[in-house]
Amino acid sequence: FLDPRTVPVANQVRIERRVILRISPQPSAMRRGFTAELPRQAPVRMAERPHGDCVSAAEIVGVADRGSRLVMYMRNRQIISAELEKACSPRDFYLGFQIEPNKDGDLCVGRDTLRTRNGAACKLSAIRQLVPAE
C-alpha cells in the first residue's frame, strides 16, 4: 500500500486546558452591604480571628487593599484578611488578582501564587477572618 522507501509521519495533537480565575476589586456599595447588618451606634471596628490555611477560590467575590493586607469578600458574607509575603505590597493588587486554581479549588497559604495583570506575583503568608469587635 505504501512506498517502503518513505518514512511514515506521526502527527500528534496536544490539548491543554488552562483556567485562570480573576478576582476584581469590590465596589464600595457592595462592601457597605457586608457591614450593613451590623449595629450603627459607632463606626464598625473589626477584629481578626484565626482562620485555616485555605479559602475556597470560587467563593471570593471581591478584593480590596487595606494598608498592609488584602481584604477578600466571600459569597457567604465572611470577610477574610490576607497577609502577603514580606516583599509584596497589597497596593499592587488594587485592581484585583488572578490565580490558577488547583484541583481542590482552594487558595492556600504558602502554596498558591496571586498574580496581577502588570506582572507582580505573591504568595499568601497568613489568612484571618475579620469579625465585628465586641
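Trainee: Does C54 count as buried, exposed or partly exposed?
Mentor: C54 counts as partly exposed, at 29% relative accessibility. Buried means under 20% relative accessible area, exposed over 50%, and partly exposed in between, with a 1.4 Å probe and protein chains only. Keep in mind that this is a predicted model, where local features need pLDDT of at least 70 and side-chain atom pairs count only at pLDDT 80 or more, while totals for chains, interfaces and linings use all residues. Residues are numbered from 1 along each chain as its sequence is written, and side-chain values use heavy atoms, with hydrogens and water left out.

Trainee: What does C54 form with C108?
Mentor: A disulfide, with the two sulfur atoms 1.9 Å apart; the cut-off for calling one is a pair of cysteine sulfur atoms within 2.5 Å. The link of C54 and C108 is right-handed, with 110 degrees about the S-S bond. C54 lies in strand β3 (residues 54-56) and C108 in strand β8 (residues 106-108), so the bond ties together parts 54 residues apart in sequence. Strands here are DSSP runs of E with at least two residues, helices are runs of H or I with at least four, and both are numbered from the N terminus.

Trainee: And C108, buried or exposed?
Mentor: Buried, with a relative accessible area of 5%.

Trainee: How many disulfides are there in the whole structure?
Mentor: A search finds 2. The other pair is C88 and C122, with an S to S distance of 1.9 Å. That disulfide is left-handed because the torsion about its S-S bond is about -105 degrees. C88 sits in the loop between β6 and β7 and C122 in strand β10, so to speak distant parts of the chain, 34 residues apart. Both cysteines are buried.

Trainee: What's the pairing if you number the bonded cysteines in sequence order?
Mentor: The pairing is 1-3, 2-4.

Trainee: OK, zooming out. How many helices and strands are in the protein?
Mentor: There are 1 helix and 10 strands. From the N terminus on, the order is β-α-β-β-β-β-β-β-β-β-β.

Trainee: What share of the residues counts as buried?
Mentor: 28% of the 134 residues. The accessible surface is about 9,500 Å², and 50% of that belongs to carbon and sulfur atoms. Those areas come from the Shrake-Rupley method with a 1.4 Å probe, and for residues only the protein chains shown count as cover.

Trainee: Which residues have the most contacts inside the largest nonpolar core?
Mentor: V55, L70, M72, L84, F97, L107 and L114, in a core of 20 residues. Such a core is a set of buried Ala, Val, Leu, Ile, Met, Phe, Trp, Tyr and Cys residues joined through side-chain atoms within 4.5 Å. The elements giving two or more residues to this core are β4 (60-66), β5 (69-74), β6 (79-84), β7 (97-99) and β10 (121-132). Apart from it lies another core, of 5 residues, among them A64, V71, Y73 and I79.

Trainee: What does L107 touch, leaving out residues up to four places away in sequence?
Mentor: Its partners include C54, V55, M72, I99, L114, L124 and I127. Contact means heavy atoms within 4.5 Å. Across the protein, of the contacts between residues at least 6 apart in sequence, 60% join residues at least 24 apart.

Trainee: Switching to β4 and β5: in what sense do they pair?
Mentor: Antiparallel, over 6 bridges; two strands pair if DSSP finds at least two bridges between them. The hairpin has 2 residues between the strands, and G67 takes a positive phi near 65 degrees there. G62 has Y73 in β5 as its bridge partner.

Trainee: Is Y73 buried or exposed?
Mentor: Buried, at 7% relative accessibility. Y73 and P25 are 48 residues apart in sequence, with 9.5 Å between their C-alpha atoms.

Trainee: Where is R77?
Mentor: In the loop between β5 and β6. Phi of R77 is near 70 degrees, a positive value in a residue other than glycine. R77 counts as partly exposed, at 42% relative accessibility.

Trainee: Last one. What polar contact does the side chain of S81 make?
Mentor: One with the side chain of E48, at 3.4 Å. The criterion is a pair of N or O atoms within 3.5 Å; within protein, one must be able to donate a hydrogen and the other to accept it, and residues adjacent in sequence count only if both atoms are side-chain atoms. S81 lies in strand β6 and is buried, with a relative accessible area of 2%. Beyond four places in sequence, the contacts of S81 include E48, R69, L70 and A126.
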